[in-house]
Amino acid sequence: NKREFMKNNLLIPGEPLREGVDLIADKKTGALIVVGNSSKLEKISSGGINLTNCNFTPEMLGELAKMDGAIIVDKDVNQILKANVHLNPSDDIQSTQTGTRHRTAHRVSVETALNVIAVSDESGIIKVFSGNDVNELEESSMILGRVNESLQSIDRTRRRFDDSVFELGELEIENSITNQLKNCVFTFFKSRQHYFLKINNLTNN
């Protein structure tokens with residue numbers, strides 16, 4: 001489940017889900033978002049609002065996060081299924097997470113085998129729970145900054161390569177001209193040598 005979630009790159013900067021959680025983090029409203037649905041999740045859920053044909057948008061996610069309770073989206077993050085859901089995972093599941101939201105997110109993920117995202121309303125930190133695996137997301141601005149640096153480095157390397165190719169071309173032209181001159185000089189002296197040999201032969205005769 002975790003591999004599929006990360007393989008789909010649903011939380012890379014620029015993706016709708018990432019834009020939504022970033023929006024919530026910036027506003028410091030906090031949120032608990034469950035990605036996917038299952039019978040196990042239904043068993044530990046109560047209350048909430050069923051949403052019909054509610055297309056996922058970052059803005060809609062941000063608005064629904066203002067309500068208490070969890071938000072449930074489908075596994076492909078195309079639809080928002082429920083909002084304001086109360087989750088009741090087992091307290092028997094051990095968790096080292098601090099804060100009710102993060103402990104709940106961890107326990108729900110372990111119990112349901114679904115990916116759960118918790119956004120802190122105090123720090124804006126975003127954590128992704130995949131069972132007992134916890135990943136804290138780096139700020140999108142930091143990631144994009146590194147991407148831009150890498151692109152600039154690639155561009156500088158490309159320019160140096162182009163300059164080297166140009167210089168190589170000039171050297172090849174230079175060497176070609178030099179070789180042509182050498183051939184001309186060689187031909188000239190060879191013809192002169194042949195001429196002097198003829199004169200020498202005539203003289204000796």
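Visitor: Leaving aside neighbours within four places in sequence, what is Arg101 in contact with?
Guide: Arg101 is in contact with Thr29, Gly30, Ala31, Leu32, Ala118, Val119, Ser120 and Asp121, once its neighbours within four places in sequence are set aside. Keep in mind that this is a predicted model.

Visitor: Which helix is Arg101 in?
Guide: Arg101 belongs to helix α5.

Visitor: How far apart are Arg101 and Ala118 in space, C-alpha to C-alpha?
Guide: The separation is 6.7 Å from C-alpha to C-alpha. In sequence, Arg101 and Ala118 are 17 residues apart.

Visitor: Buried or exposed?
Guide: Ser120 is buried, at a relative accessible area of 11%. Neighbours within four places aside, Ser120 contacts Gly30, Arg101, His102 and Ile125.

Visitor: How do the lining residues divide by type?
Guide: Eight are nonpolar, seven polar and six charged.

Visitor: Back to β1. How many of its residues are buried?
Guide: Five of the five. That is why β1 is largely enclosed by the rest of the structure.

Visitor: Which residues of β1 point which way?
Guide: Ala31, Ile33 and Val35 point to one side. Leu32 and Val34 point to the other. All of them are buried.

Visitor: What does β1 pair with in the antiparallel sense?
Guide: Strand β6, residues 115-119, over five bridges. One of the residues to check is Val35, whose bridge partner in β6 is Asn115.

Visitor: And which strand runs parallel to β1?
Guide: That is β4, residues 70-73, joined to β1 by three bridges. Within β4, Ile72 is the bridge partner of Val34.

Visitor: Let's go to Ser95. Where does Ser95 lie?
Guide: Ser95 sits in the loop between β5 and α5.

Visitor: What is its relative accessible area?
Guide: Ser95 has 19% and is buried. The cut-off is under 20%, so Ser95 qualifies as buried.

Visitor: What does the side chain of Ser95 reach at 3.2 Å?
Guide: The backbone nitrogen of Gln97. There is also a polar contact of 2.8 Å between the side chains of Ser95 and His106.

Visitor: Which residues does Ser95 touch, not counting those up to four places away in sequence?
Guide: Ser95 touches Arg103, His106 and Arg107.

Visitor: Now backbone angles. What is phi of Lys28 near?
Guide: Near 55°, a positive value in a residue other than glycine. Most residues other than glycine have a negative phi. Lys28 is in the loop between α2 (16-27) and β1. It is partly exposed, with a relative accessible area of 40%.

Visitor: And phi of Asn53, what is that near?
Guide: Asn53 has a phi near 50°, also a positive value in a residue other than glycine. Asn53 lies in the loop between β3 (49-50) and α4 (58-64). At 69% relative accessibility, Asn53 is exposed.

Visitor: Let's zoom out. How many helices and strands are there in the protein chain?
Guide: Six helices and eight strands. Along the sequence, the pattern reads α-α-β-α-β-β-α-β-β-α-β-β-β-α.

Visitor: What percentage of the residues count as buried?
Guide: Of the chain's 205 residues, 32% are buried.

Visitor: Last one. Among contacts with a separation of 6 or more, what percentage comes from residues 24 or more positions apart?
Guide: 58% of those contacts in the protein chain.

Definitions and conventions. Residues numbered from 1 in each chain as written. Predicted model: local features only at pLDDT ≥ 70, side-chain atom pairs only at ≥ 80, totals over all residues. Heavy atoms only, no water. Nonpolar A, V, L, I, M, F, W, Y, C, P; charged D, E, K, R; others polar. Buried < 20%, exposed > 50% of the residue type's maximum accessible area, 1.4 Å probe, protein only. Helix = DSSP H or I, 4+ residues; strand = E, 2+ residues; numbered from the N terminus. Pairing = 2+ DSSP bridges. Polar contact = N/O pair within 3.5 Å; in protein donor to acceptor, adjacent residues only side chain to side chain. Contact = heavy atoms within 4.5 Å.
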